[in-house]
Amino acid sequence: MPPNSADAEGNAGTELANGIDHEDSVWVRQQTDKVELHRHLEGSVLPKTMWRLQDKGMVNFGFESFEDLERHIIMTEPLQDWDTFFKRFETFHKVFLEGGPAATREVVKDEVAFAATEEGISHLELRFSPHYMGGGEELLKGRAEYPSSWDDHMQAIIEGCAAAKSSHSIRVGLVAIVSRNYGPKSGLMTAAFARRWRSDVVGFDFAANEDKETTAAFADTAAAAHQMGLPLTVHTGEGYSVDHIQHTLDCYGPAVRRLGHATTLLDDPALVERCCRQGITVESCPTSNFLMGCVPSLEAHPLPRLLAAGVTCTVNTDNPVLFGTTMNDEWRLCLQRMSITRPQLLRMNDNAKAVAFGFGD
Ligand SMILES: [Zn+2]
């Protein structure tokens, strides 16, 4: 059975979710008011959508069969080598670069509908990098404006969300991502993009490279986002030592409301205390953290200890298709592998609703 599908009992087809207790599976599926705050649009492209895009001649992935496609894009083992990882990402990237906004519209429509019907998600924050989706070669040639393709993809995202919401009960908030790998200029362009779409964008995120020098180089972008009233979430402490989290908070200031991953946060009790004091929330992504080698096992994941320390936490999928998971899988893994209780899960879900940046109607 392919990952991201579920049998009649709600048992997902992932390796990690195998052996999950039936009673928990039923309970998890009964929860239809789930809130997901950390999900990348780009790593959530459903295999069935990719296959349809190839069928229609919109994107040529070069796969002979649906099974080949799934094998190529879904991680089932912890990261072994970066080459294989980047090849998986290239396939996701092709969807947007080759398929253009027409593909983006279909991708988003399917993703949002899947979240509503298969995962019981009622509130979804979907994040995306306009540079990654729309390309940015013009930036490197010294253009002053970001490429118009970014706007085209944004329009397609909005239309895809609207199409899904016309037949499913789900609210969606859009978060613009700066991939720090693209450099500071791309950051400022993404801030300009967010300003242009201010009424449709609810928050701002920084992803990828966490080196201290790189993090600091985006302080201007963080200030620009803050100036237009956009709350920040930042990928930090994703396997990087805890001083990187502190550095991030120091560089990006009080606009930082949430931390993506922060798997090393517990290594600095004073910083844990600071996060509690400032009401900063951790977006935990257990399967992602395990597969990317940030934690040695799900049992060793810091989420239960973060909760015990009083940190506000939420449960998320990150890139559900890439990591072969769903929100239902993450909830079941919390119950079965991480000693988290049902009341704790429900509390984290309430937290997620409370700290969400916002959702469209
Ligand atoms: Zn992420």
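This briefing looks at a zinc site and some salt bridges in the structure above. The model is predicted, so local features need pLDDT of at least 70 and side-chain atom pairs count only at pLDDT 80 or more, while totals for chains, interfaces and linings use all residues. Residues are numbered from 1 along each chain as its sequence is written, and side-chain values use heavy atoms, with hydrogens and water left out.

**The zinc site**
- His38 (NE2), His40 (NE2), His235 (NE2) and Asp318 (OD) coordinate the zinc ion at 2.1 to 2.3 Å; donors are N, O and S atoms within 2.8 Å of the metal (3.2 Å for Na, K and Ca), and water is not among the atoms, so sites may look incomplete.
- Along the sequence, these donor residues follow the spacing H-x1-H-x194-H-x82-D.
- Histidine 38 sits in strand β1 (residues 34-40) and aspartate 318 in the loop between β8 (312-315) and α15 (327-337), so the pair ties together parts 280 residues apart in sequence. Helices (H or I, at least four residues) and strands (E, at least two) are DSSP runs, numbered from the N terminus.
- Histidine 38 is buried, at 0% relative accessibility. Buried means under 20% relative accessible area, exposed over 50%, and partly exposed in between (1.4 Å probe, protein chains only).

**Salt bridges**
- The structure holds 20 salt bridges, each a side-chain nitrogen of Lys or Arg within 4 Å of a carboxyl oxygen of Asp or Glu.
- One of them joins arginine 39 and glutamate 119, with the closest N and O atoms 2.8 Å apart; both residues are buried.
- Glu125, Arg127, Asp205, Arg258 and Glu283 are linked in a salt-bridge network.
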